[in-house]
Amino acid sequence: MAFEPRIVGFLCNWCSYTGADLAGTSRIKYPPNVRVIRTMCSARIRPSFVLKALAEGADGVLICGCHPGDCHYSEGNYKTLRRQVLLKRLVAGYGIEPERVRLEWVSASEGQRFAEVVADMTERIRRLGPSRVEMLPSTRRAG
Amino acid sequence: MSRPPLPRIGVFVCNCGTNIARTVDCEEIACAAMEWPGVVVARAYKYMCSDPGQEMIAEEVREKRLDRVVVAACSPRMHEPTFRRALASSGLNPYLLEMANIREQCSWVHDDPRAATDKALALARAAVARVVRHEPLEKRFVPMNPATLVLGGGIAGMTAALQLADAGQPVTIVERADRLGGNVARIDLTAPHLDSARELLLGRLARVSMHPMISVLLRAELEQLEGYQGNFTADVAVEGASRRLEIGSVVVCTGYKEFDAARVEGLGYGRLPDVITSFELELMLKRGRIEMADGRTPRTVALVHCVGSRSEEYHGYCSRVCCMTALKYGHEVKSALPGAAVVDLYIDMHAFGKGCEDFYRKTAEIKTLFLMYGKNAPPVIRPAGPKDDCNLLITLDEKLSGEEIEVPADLVVLMVGMEPREDAGRVAQLVNISRDKDGWFIESHPKLDPVATTTDGIYIAGACQSPKDIPDSVAQARAAAARILAKVAKGKIEVDAIFAEVDAARCSGCRICGTMCPYGAIEYDEEQKSSRVVEASCKACGCCAAACPSLAVRARHFTDEQIFAQIEGVL
């Protein structure tokens, strides 16, 4: 069977999650590989969330926030952007391809764009193949 | 945090008619959910948000003594409030709910039933894992200071102030200029009924200056605003001295400025003395004499619409008041100079307001010559030659005739559009509100909440939000005042139960959280050597929680352990 990547998506409530909802109300089709977790702001996404997802076997992590200048909390997305640079170096250190962690800006009106981002990311991760995460210890709770 | 050792979770899967059930096997999710730890009941139903659906949830909560609920249905942005109410009605804390979005982000965007059902299963499983870690949260209340700061003393600011003061609440108007009245004080008559603007203002000016509940600070500027809804502290500079005000709300009514007509070179403004702006004509009308630069009486007056508005180069938007103002000038010129001809050069005639279409028809009846030019092709104005029997010549591509024509004129009036004031950016920063692509302040919702902003306690009214005529500015000002009075009447402000909190025992006092917070909502306690969140100022973005190196900051309802559980659940 073909490899179907599992991707965890972290979406900010105000822009990107609303944009993803808009893709739905507009019935724009995209691959079912991204599973979304909502946070109020992309700046809430602690880097350990991303590492956790990779450790649990995610083949990719997609972070979406408001476009620069449009953050509901005025500047949270800039903090996300700065963290992303470090995060990519960090995952590379674990032997994980940095392309598996992707940051995109999706506004509340960009349902089409969200669908395109998901399709593109799914395709890229599919080509990259399954993630090898032996380096990351699983933090899954017992029971 | 006491958590019952064994959670009792109910999972409710909505078919949404066929919206979800067509693609996602809802029964399969309900069956699978029964196997998940802590789930004691799982049911699918055609419409969970319907009254019977909500009753079903409430009934199961009572009968099965559920202490957690997961609803797999539409987006939480759609029906989370509905299901929270359903929980509350059955005696369960509303925050013990989690929704799985299996419609907008699943059944509506995927075609393959197997893949969609698998994804819906993962989302529901994650919701169950997350809800186990939910805590009951209580809303909190802070006192509401009834005093209001009104920024700007134009027609909107004065109207808001009077409305609040007439209800017995104290108001301070901060006005940068040395008098009240704003842009309305610069005009003569108003369209379409030709009422005097002076009359409109005088009564208000008198009442504002006499009102015991209103204090007016002229030549004053807001310097700093701190605090949160219901409890702001404003520092205002008044003629060099600083004054501190304690207020509960702010209404921003800072208005607009007119477009600089000199930017459109072909119109000759600034070079040709008889090309003037609408505000310069207003001044002539107020003085009672329409004349050319050399004192002669013009025989032909041309009015050019959309100067700076509705163009690719300058502002894309319509300034809304210029069409009617130009028609008004037609009337005023004809009544002052019955022998003069009026030429009206427009792109499209926007006569959308009450009484405006009638006014347009009447203007046509007084023999105004209407000529239509194209967007992004403004007329070009040049001085007439010695042989011409006029002062200026206007060239335009006339759209109705399809010909390039030349129109003689003695006086040309440019209908300059509205644009945000230069200091709009600074004002937005001071009160923490946003601006749109054109620089106007953004309202909370373009249709349903046009006076609130994304910062609680800060309201906007008048042309600082977008170009607006007097009736719309007044309506918005009154609406803003009504919003504030509703909060004052309650006496207290409900603070969302979702905010960040610092565990003082874990806090190292590094203050990283404080530097991250965009709202200044984190205070440092020098004695305790730890940080503290001011709950009412916190907007719950959670960026402090993500940044805290010692995991001392918890973002309530978005805690690390809740999100970790969700990550495990989706994978």
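At what angle do helix 2 and helix 3 of chain B pack, and how far apart are their axes? The two helices, residues 51-63 and residues 76-89, pack at an angle of about 40°, with their axes 9 Å apart.

## Model and confidence

This is a predicted model, in which local features need pLDDT of at least 70 and side-chain atom pairs count only at pLDDT 80 or more, while totals for chains, interfaces and linings use all residues. Residues are numbered from 1 along each chain as its sequence is written, and chains are lettered from A and ligands numbered from 1 in the order in which they are written.

The mean pLDDT of chain B is 95, and 99% of its residues reach 70 or more; pLDDT is the predictor's confidence in each residue, from 0 to 100. For the complex, the predictor gives an ipTM of 0.95 and a pTM of 0.75.

Helices are DSSP runs of H or I with at least four residues, strands are runs of E with at least two, and both are numbered from the N terminus. Axes are lines fitted to C-alpha atoms, for helices over the stretch in contact, and angles run from 0 to 180 degrees between N-to-C directions.

With the packing angle of about 40°, helix 2 of chain B is therefore oblique to helix 3 of chain B. Angles under 35 degrees count as roughly parallel, over 145 as roughly antiparallel, 65 to 115 as roughly perpendicular and the rest as oblique. The crossing of these two helices is right-handed, the near helix being turned clockwise from the far one by less than a right angle, whereas anticlockwise is left-handed.

From helix 2 of chain B, Gln54(B), Ile57(B), Ala58(B) and Val61(B) meet Ala86(B), Leu87(B) and Ser89(B) of helix 3 of chain B. Residues are in contact if their C-beta atoms, placed from the backbone, lie within 7 Å. This contact has five nonpolar, two polar and no charged residues. Nonpolar covers Ala, Val, Leu, Ile, Met, Phe, Trp, Tyr, Cys and Pro, charged covers Asp, Glu, Lys and Arg, and the others, Gly among them, are polar.

## Helices 6 and 7 of chain B

The axes of helix 6 (residues 155-166) and helix 7 (residues 197-210) of chain B come within 10 Å and cross at roughly 50°. These helices are therefore oblique to each other, and their crossing is left-handed. Met158(B), Ala161(B) and Leu162(B) of helix 6 and Arg204(B), Arg207(B) and Val208(B) of helix 7 make the contact, with four nonpolar, no polar and two charged residues.

## Interface of chains A and B

In the interface, 36 residues of chain A are in contact with 35 residues of chain B. Helix 1 (16-25), strand 2 (34-39), helix 2 (47-55) and helix 3 (76-93) of chain A each supply at least two residues of the side that touches chain B. Helix 1 of chain A gives the most, with six residues. By class, that side of chain A has 16 nonpolar, eight polar and twelve charged residues.

Key: Two residues are in contact if their C-beta atoms, placed from the backbone, lie within 7 Å.
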